[in-house]
Amino acid sequence: MNKIALTGIKPTGTPHIGNYFGAIKPAINLSKNPELDCYYFIADYHALNAIKDKEQLKQYTREVACTWLACGLDPKKIVFYKQSQVQEVTELNWLLSNVTSKGLMNRAHAYKAMVEKSLENGDDPDALVNMGLYNYPILMAADILLFNTKFVPVGLDQKQHVEMARDIAKAFNKRYGYTFVVPEELIQEDVATIYGADGRKMSKSYGNTLPLFCSEQELKKWVSAIKTDSSLPAEPKSTDCTVFKIYKLFASNEQADLMAEKYQKGISWADAKAELFNLMNSVLSPMREKYNYYINNYDEVEKILADGSKRAKVIAKETIKRARANMGLD
Ligand code: TRP
């Protein structure tokens with residue numbers, strides 16, 4: 001029987017190039033493994049903790065759903081759903097709460113960071129902490145355990161959460177008998193750092209992200225703003241620069257080698273940037289077209305998500321039934 005791989009994507013921002021290379025592309029590649037059944041979902045319950053504006057949550061949810069489809073997620077192969085449409089998640093969340101020690105939650109990085117921040121502000125340690133943040137790892141464990149998940153492809157920042165899901169599964173199995181598959185994180189080790197035009201790591205917190213599906217014009221403007229050194233047009237250039245690093249992300253190995261040769265021979269920054277723009281645009285254009293199609297035909301996306309949640313519920317119901325029975329509720 002195939003193993004289950006599952007991951008959640010929080011709708012807390014407009015998807016950017018960093019998300020594409022860091023999470024979307026690797027997850028879609030993983031789904032091509034014939035020995036895996038993949039469950040990918042939009043973690044809107046989790047987003048409630050950060051996004052308090054109703055329209056904004058809806059907007060980000062739409063953008064994230066359309067982005068994954070535009071990037072090649074095949075909803076026939078991958079069960080693609082919205083977390084809040086599989087309400088069994090919240091029931092499991094409660095059941096798991098009762099085998100989870102408060103001490104385990106106290107150790108969560110995200111919670112600890114908020115406590116630090118509250119203290120820095122001279123406030124009560126829990127001033128910035130709501131229960132959604134505090135219980136976040138239990139809800140995530142529910143997402144994972146509900147589907148008998150074996151592998152959880154995530155970035156390094158989520159490793160602790162998957163470890164907690166594993167601890168919770170073990171605690172439950174120990175008390176009530178074997179109920180849940182014990183999951184493992186699948187950390188993408190070889191993901192290159194993605195750089196912003198300022199040469200720093202691309203990150204929402206630096207405000208240097210490039211929306212994946214910005215217009216051609218915006219893309220051109222972004223490329224022209226990339227920081228370069230002051231070498232003269234004909235001088236050889238180092239490939240240890242932001243223009244080349246971004247080029248490499250989008251290029252095949254052959255394309256990257258060719259460009260490296262041009263750097264060695266001497267290429268003007270204007271020409272290097274023109275080549276970068278052309279390459280990025282040729283990769284992004286077909287995806288951008290699909291994205292715009294889905295955004296403008298969102299009812300199709302809603303159908304895909306509704307179908308995904310229907311498929312997800314089949315396993316979710318079985319798991320809930322088993323957990324309830326093992327706990328003595330039924
Ligand atoms: N916490 C994850 C993030 O911030 C999103 C997420 C929610 C998730 N539930 C999950 C990831 C279950 C993997 C499995 O990126």
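The sulfur of cysteine 66 lies 11 Å from the closest cysteine sulfur, which belongs to cysteine 71, and this is too far for a bond. A disulfide is a covalent bond between the sulfur atoms of two cysteines. Here the term is applied to a pair of cysteine sulfur atoms within 2.5 Å. The structure holds 0 disulfides. Cysteine 66 counts as buried because its relative accessibility is 0%. Cysteine 241 is also buried, at a relative accessible area of 13%. Buried means under 20% relative accessible area, exposed means over 50%, and partly exposed is in between (1.4 Å probe, protein chains only).

The model is predicted, so local features need pLDDT of at least 70, side-chain atom pairs count only at pLDDT 80 or more, and totals for chains, interfaces and linings use all residues. Residues are numbered from 1 along each chain as its sequence is written, and side-chain values use heavy atoms, with hydrogens and water left out.

The chain has 14 helices and 5 strands. These elements are DSSP runs, numbered from the N terminus: helices are H or I runs of at least four residues, and strands are E runs of at least two. The C-alpha trace spans about 75 × 50 × 35 Å along its principal axes. A compact globule of 330 residues would have a radius of gyration near 20 Å; the chain has 22 Å, which agrees. The radius is taken over C-alpha atoms, and the globule rule is 2.2 Å times the number of residues to the power 0.38. Of the 330 residues, 48% count as buried.

The ligand is surrounded by 14 residues. The closest are Gly8, Lys10, Tyr136, Asp143 and Gln158. A residue is near a molecule if one of its heavy atoms lies within 4 Å of it. By type, the shell around the ligand divides into 8 nonpolar, 4 polar and 2 charged residues. In this scheme Ala, Val, Leu, Ile, Met, Phe, Trp, Tyr, Cys and Pro count as nonpolar; Asp, Glu, Lys and Arg count as charged; the others, Gly among them, count as polar.

A polar side-chain atom of tyrosine 136 lies 2.6 Å from a nitrogen atom of the ligand. For aspartate 143, an N or O atom of the side chain is 2.7 Å from a ligand nitrogen atom. For glutamine 158, the distance from a side-chain N or O atom to a nitrogen atom of the ligand is 2.9 Å. Taken alone, the ligand exposes 370 Å², and the protein buries 91% of that. These areas come from the Shrake-Rupley method with a 1.4 Å probe. The elements giving two or more residues to the shell are β1 (3-9), α8 (136-145) and β4 (151-154). Helix α8 gives the largest share, 4 residues.

Several positions along the chain were then examined one by one. Asparagine 148 is in the loop between α8 and β4. Asparagine 148 has a positive phi of about 55° although it is not a glycine. With a relative accessible area of 23%, asparagine 148 is partly exposed. Asparagine 135 lies in the loop between α7 (131-134) and α8. Asparagine 135 counts as partly exposed because its relative accessibility is 28%. Between asparagine 135 and cysteine 66 there are 69 residues of separation in sequence and 29 Å in space, C-alpha to C-alpha.

Glutamine 160 belongs to helix α9 (residues 159-176). At 14% relative accessibility, glutamine 160 counts as buried. The C-alpha atoms of glutamine 160 and leucine 95 are separated by 21 Å, with the two residues 65 apart along the chain.

Tyrosine 39 sits in strand β2 (residues 36-42). Its relative accessibility is 8%, so tyrosine 39 counts as buried. Tyrosine 39 and proline 26 are 14 Å apart in space, C-alpha to C-alpha, and 13 residues apart in sequence. Glutamate 35 is found in the loop between α1 (17-30) and β2. Glutamate 35 is exposed, with a relative accessible area of 57%. The C-alpha atoms of glutamate 35 and isoleucine 78 are separated by 13 Å, and the residues are 43 apart along the chain.

Methods: Polar contact = N/O pair within 3.5 Å; in protein donor to acceptor, adjacent residues only side chain to side chain.
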